[in-house]
Amino acid sequence: MASPIPNDATEFPETDRLFLEPHLPPKDGSSHPALPFTTLTFATSLDSSLTLSPGTPTAISGPQPEAMTLYLRSRHDGILIGVGTAVADDPSLNCHIVGVGGSGAMGSTASQGQLLLIPLPDGT
Ligand SMILES: NC(=O)C1=CN([C@@H]2O[C@H](COP(=O)(O)OP(=O)(O)OC[C@H]3O[C@@H](n4cnc5c(N)ncnc54)[C@H](O)[C@@H]3O)[C@@H](O)[C@H]2O)C=CC1
Ligand SMILES: Nc1nc(O)c(N)c(N[C@@H]2O[C@H](COP(=O)(O)O)[C@@H](O)[C@H]2O)n1
């Protein structure tokens, strides 16, 4: 029997993924660049804030860019966040998109272990 769709499962339709594709690492891993393929993603307010105040988790973007953030996670081998973000948000850093996977979403095809790197203030 198929598992139920988890409560946090979300959608990021194929049509929304198309514009991202030219900016993503190839799906088949055929490219071996000398430097890691790096994507920077963040949500910002019109006055260029990332959060209401330091340490306050703040939803700035809406459902579609949040789904895009989840999808980007599925297309990279690792995620780098700051130690302050880890403490403030305790983020799941998973990808719960239906058909893509990451936390049990139905039809998981791209679920993968992800490497989490948190730089400390001493630079390590
Ligand atoms: N709106 C959004 O998309 C996002 C918002 N946030 C929010 O941002 C806040 C935390 O962000 P930040 O204040 O940037 O702190 P942060 O601690 O997450 O990031 C700064 C990182 O840079 C490192 N660092 C500082 N000086 C350095 C130096 N000279 N050399 C090398 N590394 C150095 C720190 O050790 C830290 O790991 C949280 O409130 C979180 O909720 C976090 C991620 C995304
Ligand atoms: N796409 C996006 N929109 C916002 O408004 C945000 N505040 C963030 N924040 C990032 O998402 C992390 C939380 O991830 P989980 O939902 O726990 O998986 C948070 O730590 C920021 O990196 N992103």
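Residues are numbered from 1 along each chain as its sequence is written, and chains are lettered from A and ligands numbered from 1 in the order in which they are written. In this predicted model, local features need pLDDT of at least 70, side-chain atom pairs count only at pLDDT 80 or more, and totals for chains, interfaces and linings use all residues, while side-chain values use heavy atoms, leaving out hydrogens and water.

**View 1. The shell around ligand 1.**
An N or O atom of the Gly84 backbone lies 2.6 Å from an oxygen atom of ligand 1. For Leu50, a backbone N or O atom lies 3.0 Å from a nitrogen atom of the ligand. A polar backbone atom of Gly55 is 3.2 Å from an oxygen atom of ligand 1. On its own, ligand 1 has 860 Å² of accessible area, of which the protein covers 54%. Accessible areas come from the Shrake-Rupley method with a 1.4 Å probe; for residues, only the protein chains shown count as cover.

**View 2. The shell around ligand 2.**
Side chains make the contacts shown here. A polar side-chain atom of Ser61 lies 2.5 Å from a nitrogen atom of ligand 2. An N or O atom in the side chain of Thr69 is 2.8 Å from a nitrogen atom of the ligand. Asp89 places a polar side-chain atom 2.8 Å from an oxygen atom of ligand 2. The protein covers 70% of the 520 Å² of accessible area that ligand 2 has on its own. Helices (H or I, at least four residues) and strands (E, at least two) are DSSP runs, numbered from the N terminus.

**View 3. Salt bridge Glu14–Arg17.**
The whole structure holds two salt bridges. A salt bridge is a side-chain nitrogen of Lys or Arg within 4 Å of a carboxyl oxygen of Asp or Glu. Glu14 pairs with Arg17, with the closest N and O atoms 3.5 Å apart. Both residues lie in helix H1 (residues 14–17), three residues apart, about one turn of the helix. Arg17 counts as buried because its relative accessibility is 14%. Buried means under 20% relative accessible area, exposed over 50%, partly exposed in between (1.4 Å probe, protein chains only).

**View 4. Salt bridge Glu21–Arg75.**
The side chains of Glu21 and Arg75 meet at 2.8 Å, N to O. This pair links distant parts of the chain, 54 residues apart. Glu21 sits in the loop between H1 and H2; Arg75 sits in the loop between H2 and strand E1 (78–80). Glu21 is partly exposed, at 30% relative accessible area. Arg75 is buried, at 12%.

Key:
A polar contact is a pair of N or O atoms within 3.5 Å; within protein, one must be able to donate a hydrogen and the other to accept it, and residues adjacent in sequence count only if both atoms are side-chain atoms.
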